[in-house]
Amino acid sequence: MILFFGIRPGKTISIDLKQLKCPHCNQNDTLTGESTPNFFHLFWIPIFRVTTTQAVHCSHCKKVYYKEEFTKEMKAAF
């Protein structure tokens with residue numbers, strides 16, 4: 001019997017982080033937060049969530065902030 005299993009990303013959720021300033025370029029209203037869950041799957045059917053990856057992107061300076069680099073305001077917005 002052959003089993004197909006592994007980890008695959010789920011649907012990415014995007015959130016505009018209004019009224020926040022980018023710490024790198026100091027521009028307002030340029031940050032977008034993204035949250036992507038990763039699921040364990042069996043035969044391409046998601047069984048349970050393993051991890052969730054969170055990142056914030058600045059559309060002006062293209063800087064990416066990962067969960068370890070979030071400011072207090074970014075954590076509160078998520």
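In the predicted model, Ile 15 stands opposite Gly 33 of strand S3. This pairing belongs to the contact between strand S2, which covers residues 13–17, and S3, where the two strands pair in the antiparallel sense over 5 bridges. Strand S3 also pairs with other strands. Strand S1, made up of residues 5–9, is joined to S3 by 5 bridges, and these two strands run antiparallel. Within that pairing, Phe 5 faces Leu 42 of S3. On strand S4, residues 45–58, the number of bridges to S3 is 12, again with an antiparallel course. One of the positions concerned is His 41, whose bridge partner in S4 is Pro 46.

Confidence in the prediction was examined next. The protein chain has a mean pLDDT of 92, and 100% of its residues reach 70 or more. The highest confidence is found in S3, at 95, and the lowest in helix H1 (residues 72–77), at a mean of 87.

Thr 36 is part of strand S3, which extends over residues 31–42. With a relative accessible area of 16%, Thr 36 counts as buried, because this value falls under the limit of 20%. The side chain of Thr 36 makes a polar contact of 3.0 Å with the side chain of Thr 12. When neighbours within four places in sequence are left aside, the residues in contact with Thr 36 are Pro 9, Gly 10, Thr 12, Thr 51, Thr 52 and Thr 53.

Phe 40 is another residue of strand S3. Its relative accessibility is 25%, and Phe 40 is therefore classed as partly exposed. Residues up to four places away in sequence not being counted, Phe 40 touches Phe 5, Gly 6, Ile 7, Ile 45, Pro 46, Ile 47, Phe 48 and Val 50. By contrast, the C-alpha atoms of Phe 40 and Lys 62 are separated by 31 Å, although the two residues are 22 residues apart along the chain.

Aromatic side chains were also considered. The count of aromatic pairs comes to 4. Phe 40 and Phe 48 form a stacked pair, with 5.4 Å from centre to centre and 20° between the planes. Phe 48 is partly exposed, at a relative accessible area of 46%. Phe 4, Phe 43 and Trp 44 form one aromatic cluster.

Phe 43 is located in the loop between S3 and S4. In the hairpin formed by these strands, 2 residues lie between them, and Phe 43 takes a positive phi near 55°. Most residues other than glycine have a negative phi. The relative accessibility of Phe 43 is 35%, so this residue counts as partly exposed. A positive phi is also found at Gln 19, a residue other than glycine, with a value near 65°. Gln 19 is placed in the loop between S2 and S3. At a relative accessible area of 75%, Gln 19 is exposed, because the value is over 50%.

The loop between S2 and S3 also holds Cys 22. Cys 22 is buried, with a relative accessible area of 0%. Apart from neighbours within four places in sequence, Cys 22 is in contact with Gln 27, Thr 30, Leu 31, Cys 58, Cys 61 and Tyr 65. Although Cys 22 and Cys 58 are 36 residues apart along the chain, their C-alpha atoms are separated by 6.8 Å. For Cys 58, the contacts beyond four places in sequence are Cys 22, Cys 25, Thr 30, Leu 31 and Lys 63.

Thr 30 likewise has its place in the loop between S2 and S3. The relative accessible area of Thr 30 is 11%, so Thr 30 is buried. With residues up to four places away in sequence not counted, Thr 30 touches Cys 22, His 57, Cys 58, Ser 59 and His 60.

Cys 22 and Cys 58 are both members of the largest nonpolar core, which has 10 residues. In soluble globular proteins, nonpolar side chains tend to be buried together.

How values were computed. Residues numbered from 1 in each chain as written. Predicted model: local features only at pLDDT ≥ 70, side-chain atom pairs only at ≥ 80, totals over all residues. Heavy atoms only, no water. Helix = DSSP H or I, 4+ residues; strand = E, 2+ residues; numbered from the N terminus. Buried < 20%, exposed > 50% of the residue type's maximum accessible area, 1.4 Å probe, protein only. Polar contact = N/O pair within 3.5 Å; in protein donor to acceptor, adjacent residues only side chain to side chain. Contact = heavy atoms within 4.5 Å. Phe/Tyr/Trp six-rings, centres within 6.5 Å; stacked < 30°, edge-to-face > 60°. Core = buried A, V, L, I, M, F, W, Y, C linked by side-chain atoms within 4.5 Å. pLDDT = per-residue confidence, 0-100. Pairing = 2+ DSSP bridges.
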